[in-house]
Amino acid sequence: MEIHIGKDSKELSSKLAEWLSGYIQEVLAKQDRFTFVLSGGSTPKQLYALLAEAPYSETIPWNRIHFFWGDERAVPFEDSRNNAHMCYDELLDKVPVVTKNIHVMRTDIAPELAAAEYEKVLKTYFEGSETTFDFVLLGMGDDGHTLSLFPGTEVIHEQNDWVKAFFLPAQDMYRITLTAPLVNEAACVAFMATGAGKAETLKHVLKGGQNLNLYPSQIIKPTTGQLHWFIDEAAAALI
């Protein structure tokens, strides 16, 4: 595991943009495509804004990147809470991506059907491969969740399915999420966490004993791939 610390969210986003651009170029020097899992929420917005501007908008080979999502709220695409909607607004509508290389989690069909359909798409990419995604961008909530793996939910411990849909009573909505076994076979995973509100949780996730039901982010440990934490000084205050 490698920890990268920025002074604040702006500096951190800049560090991650520079690092990610280099990593994409490095991977694409050895293979034809790059598979990128996008994260929703507010934390990566600054990162996406940077990637959508020069120099990254011009130097990253966007036409060779295939985009996926780590999780989704089962709300219409037009809804501001929809993760794909945010990623289009902040990044995908602003760079020369190839439409057929963008794989959203559908929210216009039943969540269970959407999860099954997404798993089929992923298996066309990765079944039989040594690793899954080239890069997975994750966030961590104040409560220690990542993806839609929330404290106390059964999906944290899923061992077989790559994608699951479930109803989350606390939010009164269905969620669709990638599962830990799939993400842990990625070549590279990077968490991004900012703000003092995450400091206590981050201390437990990184330095405390394992308690997956309380701190689901602990279950993300790539089997053979890289694990990076990009955090600002406020989030890093207690580690």
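This is a predicted model: local features need pLDDT of at least 70, side-chain atom pairs count only at pLDDT 80 or more; totals for chains, interfaces and linings use all residues.
## Overall form

The protein chain contains 7 helices and 9 strands. Its C-alpha atoms fill a box of roughly 45 × 40 × 35 Å along the principal axes. For 239 residues, a compact globule would have a radius of gyration near 18 Å, and the 17 Å of the protein chain agrees with this.

Of the 239 residues, 54% count as buried. The accessible surface of the protein chain is about 10700 Å², and carbon and sulfur atoms account for 48% of that area. Contacts can also be sorted by separation in sequence. Among contacts between residues at least 6 apart in sequence, 76% join residues that are at least 24 apart.

In soluble globular proteins, nonpolar side chains tend to be buried together. The largest nonpolar core in this model has 81 residues, and Leu122, Phe133 and Leu178 touch the most other members. Helix α1 (residues 9–28) gives the most to this core, with 8 residues.

Which residues does Leu178 touch, leaving aside those up to four places away in sequence? The list includes the aromatic residues Trp69, Tyr118, Phe133 and Trp162. Val37, Gly70, Met105, Leu122, Leu147, Leu149, Val163 and Val183 are also in contact with Leu178. Two of these partners, Leu122 and Phe133, are themselves named with Leu178 as touching the most other members of the core.

Strand β7 covers residues 173–178. Of its 6 residues, 5 are buried, so the strand is largely enclosed by the rest of the structure.

Strand β7 pairs with β4 (residues 71–73) in the antiparallel sense over 3 bridges. In this part of the model, Arg73 has Arg175 of β7 as its bridge partner. Strand β7 also pairs with β6 (residues 163–168), again in the antiparallel sense, over 6 bridges. Here Leu168 stands opposite Met173 of β7. Strands β6 and β7 form a hairpin with 4 residues between the strands, and Asp172 in this hairpin takes a positive phi near 55°.

## Salt bridges

How many salt bridges does the model contain? The count comes to 8. One of them joins the side chains of Asp79 and Arg81, with 2.8 Å from N to O. Arg81 is partly exposed, at a relative accessible area of 42%.

Another salt bridge links Lys123 and Glu119, whose closest N and O atoms are 3.4 Å apart. Why can these two residues be described as about one helical turn apart? Both lie in helix α5 (residues 111–126), and they are separated by about one turn because they are 4 residues apart.

Lys164 is partly exposed at 25% relative accessibility. Glu158, at 16%, counts as buried because the cut-off for buried is under 20%. Elsewhere, salt bridges with shared partners join Arg106, Asp108 and Glu117 into one network.

Technical notes
Residues are numbered from 1 along each chain as its sequence is written. Side-chain values use heavy atoms; hydrogens and water are left out. A nonpolar core is a set of buried Ala, Val, Leu, Ile, Met, Phe, Trp, Tyr and Cys residues joined through side-chain atoms within 4.5 Å. Buried means under 20% relative accessible area, exposed over 50%, partly exposed in between (1.4 Å probe, protein chains only). Contact means heavy atoms within 4.5 Å. A salt bridge is a side-chain nitrogen of Lys or Arg within 4 Å of a carboxyl oxygen of Asp or Glu. The radius of gyration is taken over C-alpha atoms; the globule rule is 2.2 Å times the number of residues to the power 0.38. Accessible areas come from the Shrake-Rupley method with a 1.4 Å probe; for residues, only the protein chains shown count as cover. Two strands pair if DSSP finds at least two bridges between them.
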